[in-house]
Amino acid sequence: MTFDPTLPIYRGEIPCPALGFDLDCLDDSGNSVVGEVGELVIKKPAPSLPLGLWNDTDGSRFRETYFSKYQDKFALGDLGIINPVTKGIIICCRSDETLKPKGVRFGSSEIYNIVNLFPEIRDSLCVSQYSQSRNERAVLFVQMKKGYSFDEELVERIRSEIKNGLSDGHVPELILETKDIPHNMTGKKMEILVKKIINNLPYNADTVANPESLENYRNIPPYED
């Protein structure tokens with residue numbers, strides 16, 4: 001995706017794909033969609049696409065990262081919309097678990113490795129929330145063990161431990177209690193699904209083992225910067 005001096009510029013949009021890139025926007029079933037949120041993919045080989053990942057000798061991590069969701073299509077890891085009128089591309093958010101608030105890129109597991117050591121916390125989930133201007137903040141949800149209470153003192157201890165163990169840039173801007181965390185049938189946290197819910201994006205809950213848990217994420221305060 002790039003700028004083209006021959007095309008008009010619209011606020012919040014990238015005018016067109018880069019030369020040589022067959023860009024498409026796909027729904028969860030792999031169908032092309034226009035005017036609605038989907039996964040941005042490259043459908044054909046292009047000169048500047050990576051050939052592999054460092055120390056991934058058999059190519060398994062490369063295939064899992066970029067080709068596991070849509071067969072023979074390179075998934076960029078971004079959710080976007082192709083404007084049906086201008087044909088411009090609107091980037092909505094990342095489709096994976098990577099967070100990058102204020103330019104600090106990290107994985108949610110880095111947060112879990114610290115937060116889940118708290119004896120009063122049963123589980124946690126950390127995802128990105130976006131403002132209308134596409135700025136990003138990390139939101140951390142914590143599920144308490146029975147007999148423990150969620151309070152401001154706990155929030156401050158969480159912030160302090162993350163800051164000391166990682167950096168100030170890793171500290172979630174918003175820390176909230178949740179009664180339950182959604183998992184799929186194999187026990188994996190449904191981070192992308194929760195991220196879609198708190199960013200008011202369409203989602204499919206068919207693979208959620210505990211769909212009633214999703215109610216905990218529907219009225220999260222919007223990110224206003």
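**Figure 1. Salt bridge between Arg218 and Glu215.** The side chains of Arg218 and Glu215 meet in a salt bridge, 3.0 Å from N to O (a side-chain nitrogen of Lys or Arg within 4 Å of a carboxyl oxygen of Asp or Glu). Arg218 is partly exposed at 34% relative accessible area, whereas Glu215 is exposed at 52%; buried means under 20%, exposed over 50% and partly exposed in between, with a 1.4 Å probe and protein chains only. The structure holds 9 salt bridges. This is a predicted model, in which local features need pLDDT of at least 70 and side-chain atom pairs count only at pLDDT 80 or more, while totals for chains, interfaces and linings use all residues. Residues are numbered from 1 along each chain as its sequence is written, and side-chain values use heavy atoms, with hydrogens and water left out.

**Figure 2. Salt bridge between Asp123 and Lys189.** The N to O distance in this salt bridge is 3.0 Å. Asp123 belongs to strand 7 and Lys189 to the loop between strand 9 (174–177) and helix 4, so the pair ties together parts 66 residues apart in sequence. Helices (H or I, at least four residues) and strands (E, at least two) are DSSP runs numbered from the N terminus. Asp123 is buried at 12% relative accessibility, and Lys189 is buried at 16%.

**Figure 3. Helix 4 (residues 191–198).** Among the buried residues are Glu191, Leu193, Lys195 and Ile198. Asn200 follows helix 4 and has a positive phi, near 55°.

**Figure 4. Surroundings of Ser131.** Ser131 sits in the loop between strand 7 (121–130) and strand 8 (136–144) and is buried, with a relative accessible area of 2%. Its side chain makes a polar contact with the side chain of Ser133 at 3.1 Å (a pair of N or O atoms within 3.5 Å; within protein, one must be able to donate a hydrogen and the other to accept it, and residues adjacent in sequence count only if both atoms are side-chain atoms). Apart from neighbours within four places in sequence, Ser131 is in contact with Tyr223 and Asp225, where contact means heavy atoms within 4.5 Å.
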